[in-house]
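Please look over this model with the notes below beside you. They are meant for someone seeing the structure for the first time.

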Amino acid sequence: MKQLVWLFKWLLKAAIFFTLFAFALNNQGDVTVQFFFGTRWTAPMVLVVLITFAAGVAIGVLGMVPRWWRHRRAAKQARNQAATALATVAAEADKTPTPPPHGL
């Protein structure tokens with residue numbers, strides 16, 4: 001079963017690769033990107049799409065960084081509180097007297 005899942009994953013990766021490769025081969029034509037103040041940049045379309053995709057991923061990751069830090073800080077605080085509570089419970093358990101055995 002594991003080999004079948006492994007094979008399926010590799011077939012899916014190969015299909016995605018060949019689809020993107022065919023896209024790149026079909027879009028070799030030059031495209032002109034016009035910026036502000038009359039600035040232009042001419043490059044192959046696939047390069048422009050790749051750069052746009054990479055920029056979108058980078059902006060998305062940078063937008064998530066503050067949230068990731070906030071969650072990591074909250075998890076660390078929860079972990080510290082749990083350890084403190086566990087230590088308190090253990091200390092309380094050591095202080096409680098044990099009752100004498102029955103029958104004495």
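This is a predicted model: local features need pLDDT of at least 70, side-chain atom pairs count only at pLDDT 80 or more; totals for chains, interfaces and linings use all residues.

1. Residue numbers start from 1 along each chain.

2. The span of α2. Helix α2 covers residues 45-95. It holds 51 residues, and at 1.5 Å a residue these should span 75 Å.

3. The bend in α2. Where does α2 bend? The place is Val-65, and the angle is about 35°. A proline, Pro-66, follows within four residues.

4. The strand pair. Strand β1 takes residues 30-34, and strand β2 takes residues 40-44. The two strands pair in the antiparallel sense, over 5 bridges. Two partners can be checked by eye. Asp-30 has Pro-44 of β2 as its bridge partner. Val-33 has Trp-41 of β2 as its bridge partner.

5. The hairpin. Between strands β1 and β2 there are 5 residues. Look at Phe-37 in this hairpin: its phi is positive, near 60°.

6. Aromatic rings. A pair of aromatic rings is described by the distance of the centres and the angle of the planes. How many aromatic pairs does a search of the whole structure find? The search finds 3. Take Phe-17 and Phe-21: their ring centres are 5.9 Å apart and their planes meet at 15°. Planes under 30 degrees apart count as stacked, so the pair of Phe-17 and Phe-21 is stacked. Both residues lie in helix α1. They are 4 residues apart, about one turn of the helix. An α-helix has 3.6 residues a turn, so residues three or four places apart point the same way.

7. The largest pocket. About 150 Å³ of space lies in the largest pocket. Which residues line the largest pocket? They are Leu-20, Phe-23, Val-46, Leu-47, Val-49 and Leu-50. By type, the lining has 6 nonpolar residues, no polar ones and no charged ones.

8. Who supplies the lining. Helix α1 (2-26) and helix α2 each give at least two residues to the lining of the largest pocket. The most comes from α2, with 4 residues.

Notes:
Side-chain values use heavy atoms; hydrogens and water are left out. On a 1 Å grid over the protein atoms alone, a cavity is a set of points where a 1.4 Å probe fits but cannot get out, and a pocket is an open set with protein on both sides within 12 Å along at least five of seven lines; lining residues have an atom within 4 Å of a point. Grid points are joined across faces, edges and corners, and a volume is the space filled by probe spheres set on the points. Ala, Val, Leu, Ile, Met, Phe, Trp, Tyr, Cys and Pro count as nonpolar, Asp, Glu, Lys and Arg as charged, and the others, Gly among them, as polar. The expected span of a helix is 1.5 Å times one less than its number of residues. The bend at a residue is the angle between axes fitted to the seven residues ending there and the seven starting there. Two strands pair if DSSP finds at least two bridges between them. Rings of Phe, Tyr and Trp (its six-membered ring) pair if their centres lie within 6.5 Å; planes under 30 degrees apart count as stacked, over 60 as edge-to-face and the rest as tilted.
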